[in-house]
Amino acid sequence: MAGLWRSYQVLIAKRPLTVQIITAGSLVGVGDVISQQLIERRGLANHSVKRTAKMMSIGFFFVGPVVSGWYKVLDKLVTGGTKSAALKKMLVDQVCFAPCFLGAFLGISGALNGLTVEENVVKLKRDYMDALISNYYLWPPVQIANFYFIPLHHRLAVVQIVAVAWNSYLSWKANKM
């Protein structure tokens, strides 16, 4: 495990965005597998590989680049490594970024699932507030710790590790018709 961590450290130092995107896409995929197998109890015979591939593509092309870029912007907006700065970063993250990101995530997944614009709007009206409230139960304490203790180039990885559980929930929520 220590060797894997060292390899990760070397790779993230050389290619931070690439590693962050691959990490995000892979862990969104893991979240979907957990959702299908543990939450929905589909079993291997009924596992939708197509759905997992769609969710991974959202991770690779949306979650990874957007969250990675957001953390860079947030680090410039709120500077410092104090407890106060961590609290400010968490507040800006949860008030400004999380609601927009969550709506976009659910909208993109609906579009990839073939929903019409009208169906997607109905699904967003049904699921968005529940997902946002769930977000507020999980993410504020995680983000305060992340912004206070974790260096910028590791923040997305920390978030994605916690997000395996969150991604399982989001995958279930995004794919529940």
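Predicted model: local features only at pLDDT ≥ 70, side-chain atom pairs only at ≥ 80, totals over all residues.
Residues are numbered from 1 along each chain as its sequence is written, and side-chain values use heavy atoms, with hydrogens and water left out.

Y8 sits in helix α1, residues 2–14, and by helix I mean a DSSP run of H or I of at least four residues, by strand a run of E of at least two, both numbered from the N terminus. Setting aside neighbours within four places in sequence, Y8 is in contact with V19, T23, H154 and A157, contact meaning heavy atoms within 4.5 Å. Its C-alpha atom is separated by 22 Å from that of S57, which is 49 residues away along the chain.

Now to the chain as a whole. The secondary structure comes to 6 helices and 0 strands, and along the sequence the pattern reads α-α-α-α-α-α. The radius of gyration is 16 Å, close to the 16 Å that the globule rule gives for 177 residues, so the chain is as compact as a globular protein of that length; the radius is taken over C-alpha atoms, and the rule is 2.2 Å times the number of residues to the power 0.38. Along its principal axes the C-alpha trace spans about 45 × 35 × 25 Å. Buried residues make up 45% of the 177 residues, and the chain exposes about 9400 Å², with carbon and sulfur atoms supplying 71% of that area, as computed by the Shrake-Rupley method with a 1.4 Å probe. Among contacts between residues at least 6 apart in sequence, 72% join residues at least 24 apart.

Next, one helix pair. Two packed helices are described by the angle between their axes and the distance between the axes. Helix α2, residues 16–39, and helix α6, residues 152–175, pack at an angle of about 30 degrees, with their axes 7 Å apart; the axes are lines fitted to C-alpha atoms, for helices over the stretch in contact, and angles run from 0 to 180 degrees between N-to-C directions. The crossing of α2 and α6 is right-handed, that is, the near helix is turned clockwise from the far one by less than a right angle. On the α2 side the contact includes T23, L27, V28 and I34, and on the α6 side it includes H153, L156, V164 and W172. The residues of this contact divide into 12 nonpolar, 10 polar and 1 charged, where Ala, Val, Leu, Ile, Met, Phe, Trp, Tyr, Cys and Pro count as nonpolar, Asp, Glu, Lys and Arg as charged, and the others, Gly among them, as polar.

Staying with helix α6, we find W166 there, and at 9% relative accessibility W166 counts as buried. Not counting residues up to four places away in sequence, W166 touches L102, A131, S134, N135, L138 and W139. The C-alpha atoms of W166 and L138 are separated by 8.3 Å, although these residues are 28 apart along the chain.

Helix α4, residues 83–112, holds L112, and helix α4 is also the place of G110. At 0% relative accessibility G110 counts as buried, whereas L112, at 40%, counts as partly exposed. Leaving aside neighbours within four places in sequence, G110 is in contact with L115 and N120, and L112 is in contact with K54, S57 and I58. G110 and K176 are 66 residues apart in sequence and 9.8 Å apart in space, C-alpha to C-alpha, while L112 and L102 are 10 residues apart in sequence and 15 Å apart in space.

Finally, a backbone detail. Most residues other than glycine have a negative phi. R41, which is not a glycine, has a positive phi of about 50 degrees. R41 lies in the loop between α2 and α3, the latter being residues 49–77, and at 67% relative accessibility R41 counts as exposed.

Terms used. Buried < 20%, exposed > 50% of the residue type's maximum accessible area, 1.4 Å probe, protein only.
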